[in-house]
Amino acid sequence: MTPNDTHLLELRGFTKSFAGFPALNGVDFTLRAGEIHALLGENGAGKSTLIKTMTGVVARDAGTLTLAGEAIAPRSAEEATRAGIATVYQEVNLVPNLSVAQNLFLGRQPTRFGLVREREMRRRARELLAGFNLDIDVAAPLESYSVAVQHMVAIARAIDLSARVLILDEPTASLDAHEVENLFAVMRALAARGIGIVFVTHFLDQVYAVCDRITVLRNGRLAGSATTAELPRLELVRLMLGRELSEATATRAPVDRAEAAPVAAFTGFGKAGYVAPFDLALRPGHVVGLAGLLGSGRTETARLVFGAERADCGTATVAGAPVGLAAPREALALGFGYCPEERKTEGIVAELTVRENIVLALQARRGVLKPLSRREQDEIARRFIRLLDIRPPDPERPIGLLSGGNQQKALLARWLATDPRVLILDEPTRGIDVGAHAEIIRLIRALCAEGMALLVVSSELEEIVTYADEVIVLRDRAHVARLTGEAITVPGILAAIADEGAGAAPRAA
Amino acid sequence: MTLRLPRIGTSQIIALAAILAINWTVSPQFFDIRFQDGRLFGSLIDVLNRGAPVAILSLGMVLVIAMRGIDLSVGAVMAIAGAIAASLADSHPLPVVLAAALGAGLACGLWNGFLVAVLGIQPIVATLILMVAGRGIAQLITEGRIVTFTAPGLSWFGGGSVLGLPAPVAIALAMLALTLLVVRGTALGLMIEATGGNARASALAGVGTRAITLAVYAWSGLCAALAGIVAAADILGADANNAGLWLELDAILAVVIGGTSLFGGRFSVVLAVVGALIIQAMNTGILLSGFPPEMNLVVKAVVVLAVLLAQSPRLAGLGLLLRRKRP
């Protein structure tokens, strides 16, 4: 990079409060042309708010925004896009049932005499995507492609809308390694064209792999900004957490427990076209990890075990007695809990308060006729907010206003409040920063020590290795390997995943 | 979906007060209340009395809407219940009459609930079926005539009084209390708000969303039947063609004025009733003012627009912006 290169996007003194809680406090941010700039911070540090205020989705209370030296004040994502700031969110904001080409040219389809020139549109879509190393059928509906492809289409659309600034909000959260590499190649190519890229991620490896500069937020303030070369990893983590990280890299504690009788056992359990029949035993104090590529059947296994999807073969027993597990209600009554992967659509009830979200499952198990008194609810909410350090610590705040990590903690609290025997966690640390990550792993260990049986789905193998007593590896919707004890290592899991038919990128089903 | 801080209903109460004040200016005797023959009389009492059927409907409708549903059939169910009550009134004892009419309403509600919760039909379509068919059923019951009755038991529901209050008002108040008890005294309210806010998440949290959906539509049917009995008792007869006609729209309007979103979630039973009173206060005011009743619909639309604008979070943001610009 040349010194004093052009400041493409400059934010000065960005400030925003939500109902009295400051979410951003005088934050400055500078993006240079042709730069890939990581925006990092813990959950609730203000990353999302910064992005939303800079793209006009949320009105800022104070601060100036200049793009290539010109002051701009976008009042909606659309205005921001027109000004040249495009955002691609983790949850792709496109129309799933329209074709790829239609999505790319939505609202600006090439027309002749008022009619859409479908063929022309497809030709241009193919051309556009070729620039992104993507050779797909552009006439197929977007939803028939994997999340990775959908992201690429969203980026292609954003770039084609003559974006000068591209904001990528956790684009890699659900991509596999190969897809991430592909995305990075595209990012580098775009940066070489002079586009400034803001990259929000929780994966520090990725930051060092692709970013030129790092800006760290903490508690709504600017914690620091430096080039990647000047900011060693330890220093970065210290900036993010504001304290030394002692435990994040702790290794696996040796487990030495007698095989307890399983609290829940599944034999030949499965559903045609969903997950091949499998055997699974969940023991008190044991953590079973489910590993595999995206779409390999991990989430599907979790959903079968919780009764969110009905198994069509096999048997399940809880404490020795056969059970039906036909619905989540049944699982709940048996003392199961399930934190789903899709926080927003299957987890939180956004408009209800943190308190109401936390007590929901417990109340559902007690039944409609035995309401928890407001005092009991307040007590439960306060206890878990303190225990899990949910921020801001306001039980009456609508949960939709919390950051992703804090929503996740509140969902954990929902299940912990029911005091479950079996807890199923689907990607508990997805989209969560280092600090909360370590906390959640610590929590998993603590729960396990208390004798809870855990089933954890995670795509972070290093993480699984630190807490699992048994790892089940899935591939193509079947359980293909079972690792225990010494065999649980990252290379071991990778080998099992890649055992045969390796390399094929999974398609989201 | 917008995220709001809890409402306290200021805009609804201001709207009601404003309309009552306007009524007072067009009719200075508006707030005069007389006590006569053991019963209160006056324009204000009239508003409460005439507003009672829609208020009772809104008690059911508010829960349905909070579940992200809608019940278009309540007007038709009123007609069915009224027709049954009127046809049986002079030949059967009161408990039988009530049981038959309310039972019919409950059955209608369960039918709607079955279509929505079990068969997964969209609420607007599912209840449209009964909205159309229900009026036909009512006409079959009355054999196309206007059935009148004289039984004093049933006529009490229209003309009787409790502690000076007209019976419809007392019934509406009792139903309001009962609804509040059922919804807020148990965990049902939380379950409804959770399901309306995010049905998938609630089902995964173990909420029996299907049973609650059934119960809520059944409740709406029951409320509609009661409103139908009150309406029939008021005119001492049942007119299958006109009983409860378009009242489903008034009930939906009452709920929306009461601040419950059609997208489900948070709801307020009390404010839905306030909404029903706002509607009736307008109707009465227009009658008193001597304006042609045709004006009614237009004025109603304007007032509804005003209340909704007052609740709009965007407009609030705009107001804030204007205020800030002035130094």
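My entries follow, topic by topic.

**Ground rules.** I am working on a predicted model, where local features need pLDDT of at least 70, side-chain atom pairs count only at pLDDT 80 or more, and totals for chains, interfaces and linings use all residues. Residues are numbered from 1 along each chain as its sequence is written, while chains are lettered from A and ligands numbered from 1 in the order in which they are written.

**Confidence, chain A.** I started with pLDDT, the predictor's confidence in each residue, from 0 to 100. Chain A has a mean of 84, with 91% of its residues at 70 or more. I then looked up the helices; helices (H or I, at least four residues) and strands (E, at least two) are DSSP runs, numbered from the N terminus.

I flagged residues 244-252 of chain A, where pLDDT stays under 50 and the model has 11 contacts beyond four places in sequence. I also flagged residues 501-509 of chain A, again below 50, with 16 contacts beyond near neighbours in sequence. For the record, two residues are in contact if their C-beta atoms, placed from the backbone, lie within 7 Å.

**Chain B against chain A.** I found 23 residues of chain B in contact with 28 residues of chain A. On the chain B side, the elements giving two or more residues are α8 (188-197) and α9 (199-204). α8(B) gives the most, with 6 residues. I sorted that side of chain B by class and got 13 nonpolar, 7 polar and 3 charged residues. The classes: Ala, Val, Leu, Ile, Met, Phe, Trp, Tyr, Cys and Pro are nonpolar, Asp, Glu, Lys and Arg are charged, and the others, Gly among them, are polar.

**Helix α3 of chain B, two partners.** How do α3(B) and α10(B) pack? Helix α3 (residues 74-89) of chain B meets helix α10 (residues 209-235) of chain B at about 55°, with the axes 7 Å apart. Axes are lines fitted to C-alpha atoms, for helices over the stretch in contact, and angles run from 0 to 180 degrees between N-to-C directions. That makes α3(B) oblique to α10(B); angles under 35 degrees count as roughly parallel, over 145 as roughly antiparallel, 65 to 115 as roughly perpendicular and the rest as oblique. The residues of this contact include V74(B), A81(B) and A85(B) from α3(B), and G221(B), A225(B) and I229(B) from α10(B). I counted 14 nonpolar, 4 polar and no charged residues there.

Next I checked α3(B) against helix α5 (residues 123-142) of chain B, which pack at about 15° with axes 7 Å apart. That makes α3(B) roughly parallel to α5(B). Among the residues that meet are A76(B), A83(B) and S87(B) in α3(B), and L130(B), G134(B) and R135(B) in α5(B). By class, I have 11 nonpolar, 4 polar and 1 charged.

**Buried helices.** A residue is buried if 20 or more other C-beta atoms lie within 10 Å of its own, exposed if 12 or fewer, and partly exposed in between, with C-beta atoms placed from the backbone. In helix α9 (residues 298-306) of chain A, 9 of the 9 residues are buried, so the helix is largely enclosed by the rest of the structure. Its buried residues include R298(A), E300(A) and R303(A). Just after α9(A), G307(A) has a positive phi of about 80°.

Helix α11 (residues 247-257) of chain B is also largely enclosed by the rest of the structure, because 10 of its 11 residues are buried. E248(B) and D250(B) are among them. Just after α11(B), G259(B) takes a positive phi of about 90°.

W246(B) is not a glycine but has a positive phi of about 65°. I placed W246(B) in the loop between β6 (237-239) and α11 of chain B. Is W246(B) buried or exposed? W246(B) counts as exposed, with 9 C-beta neighbours inside 10 Å.

A68(A), also not a glycine, has a positive phi of about 50°. A68(A) sits in the loop between β4 (62-67) and β5 (70-71) of chain A, and is partly exposed, with 16 other C-beta atoms within 10 Å.

Last entry: the peptide bond from R391(A) to P392(A) is cis, with omega near -10°. P392(A) lies in the loop between α13 (374-388) and α14 (404-416) of chain A.
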